[in-house]
Amino acid sequence: MRPPRTFLRPLAVGAPAPVTEIPVKPSRMIHFFDPSNEKMAAKVPDIAAKVDIILGNLEDAIKTEMKEAARQGLVDIAKKTDFGETQLWTRVNSLDSPWVLDDLTTLVTEIGDKLDVIMVPKVEGAQDIHYVDRLLAQLEARAGLDRPILVHAILETAQGMVNVEEIAGASPRMQGLSLGPADLAASRRMKTTRVGGGHPGYLVRTDPVSDDLTEGRTTAQQDLWHYTIARMVDACAAHDILPFYGPFGDIKDVVACEDQFRNAYLLGCVGAWSLHPVQIDIAKKVFSPDPADVAHAKRVVEAMGDGSGAVMIDGKMEDDASCKQCLVMLDLAKALAERDPELAEAYDL
Ligand SMILES: CC(C)(COP(=O)(O)OP(=O)(O)OC[C@H]1O[C@@H](n2cnc3c(N)ncnc32)[C@H](O)[C@@H]1OP(=O)(O)O)[C@@H](O)C(=O)NCCC(=O)NCCSC(=O)C[C@](C)(O)C(=O)O
Ligand SMILES: [Mg+2]
């Protein structure tokens, strides 16, 4: 770890100064596309206008023989597209792969001025972030960039989970973390073959009511990812960076996707990945606060005046702490309303 006084110094001569705060922009969905797939790539300008973040994926899900085409495809798309307020991210190949050095070198040199965040997969500890941090500083200096590119890490190995706090605080570039449930399940030897979501075998059962152990006992499916998401959220909140749920692979099951996204939203995540256009509106719905919650939050904040003391609203006690909860809701609603006129109207902001 760098000592506090040097933490915010650029890591290369001529590199832009690190940011002191991670900008909090609408980030309800990170929409993945394959830049080597011409059909998908052709849809990028339209999709970019609908999403908060669009991400050109270079890692898993891109065939080995298409790795270079995907990298070049992303360069071409970024150069010719005006993304407006939508953030442009990429997921580069893993740090132990033969492609990542060219991914970083090419992307920062060619389109560094357009890239907001680089997602790094399979991060195992602070050392991985330190490697990317220094390399990005060198490349930014060479490209003459005037703002640093931020870094987002995917938690998808048991080691990454064990080191999640040090990863979150490894560099002022750290923008956030996402859960990678498929690689993480494999790394942990979990016995699920699904990409995120629940499993019917992971359940609790009520006690027996008779000697017949099968009689009258109900079960409830539990959330396989609760511990992991909660731990990731704490690491992010402690370091003032942003947590995201990752992918939900059962594209057809839009109902369970919404449930998984909502669990993550309630636990503190700011967004999730959309792998298919059908998941964009699910994320938009789930990660935009309910207008009724926003109206309640407004009432509490108004009733609390300077935010101290206690008041009764609809039979419930509200105090300094619940006022802070309401401010979290209201700050998010305001940020989204600035971007989305429909939400501004729904929230009356
Ligand atoms: C699932 C797939 C194969 C189904 O693709 P499909 O073509 O079979 O689906 P479709 O329903 O037939 O598609 C309808 C239309 O939508 C288009 N389309 C479809 N998807 C997209 C998209 N994302 N963006 C833009 N357009 C899209 C598609 O091209 C088609 O266009 P058309 O009507 O003109 O024919 C396809 O959606 C896809 O490849 N999605 C992205 C997959 C991906 O990025 N996976 C990696 C992230 S998850 C991961 O890595 C795990 C993790 C974190 O690492 C870990 O847990 O460890
Ligand atoms: Mg993965």
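The buried residues of α4 pack against α3 (100–111), β4 (117–120), β5, α6 (164–168) and β6 (174–179). This is a predicted model: local features need pLDDT of at least 70, side-chain atom pairs count only at pLDDT 80 or more, and totals for chains, interfaces and linings use all residues. Residues are numbered from 1 along each chain as its sequence is written, and chains are lettered from A and ligands numbered from 1 in the order in which they are written.

Reader: Which residues of α4 are buried?
Author: Buried takes 20 or more other C-beta atoms within 10 Å of a residue's own, exposed 12 or fewer, partly exposed in between, with C-beta atoms placed from the backbone. Helices (H or I, at least four residues) and strands (E, at least two) are DSSP runs, numbered from the N terminus. In α4 the buried residues are D128, I129, V132, D133, L136, A137, L139 and E140.

Reader: Where does UniProt place the feature "binding site"?
Author: The entry is unreviewed. Its positions use the numbering here, feature names are shortened, and annotations may be inferred rather than shown by experiment.

Reader: Is E156 buried or exposed?
Author: E156 lies in the loop between β5 (150–155) and α5 (158–162). It has 26 C-beta neighbours inside 10 Å, so E156 counts as buried.

Notes:
Two residues are in contact if their C-beta atoms, placed from the backbone, lie within 7 Å.
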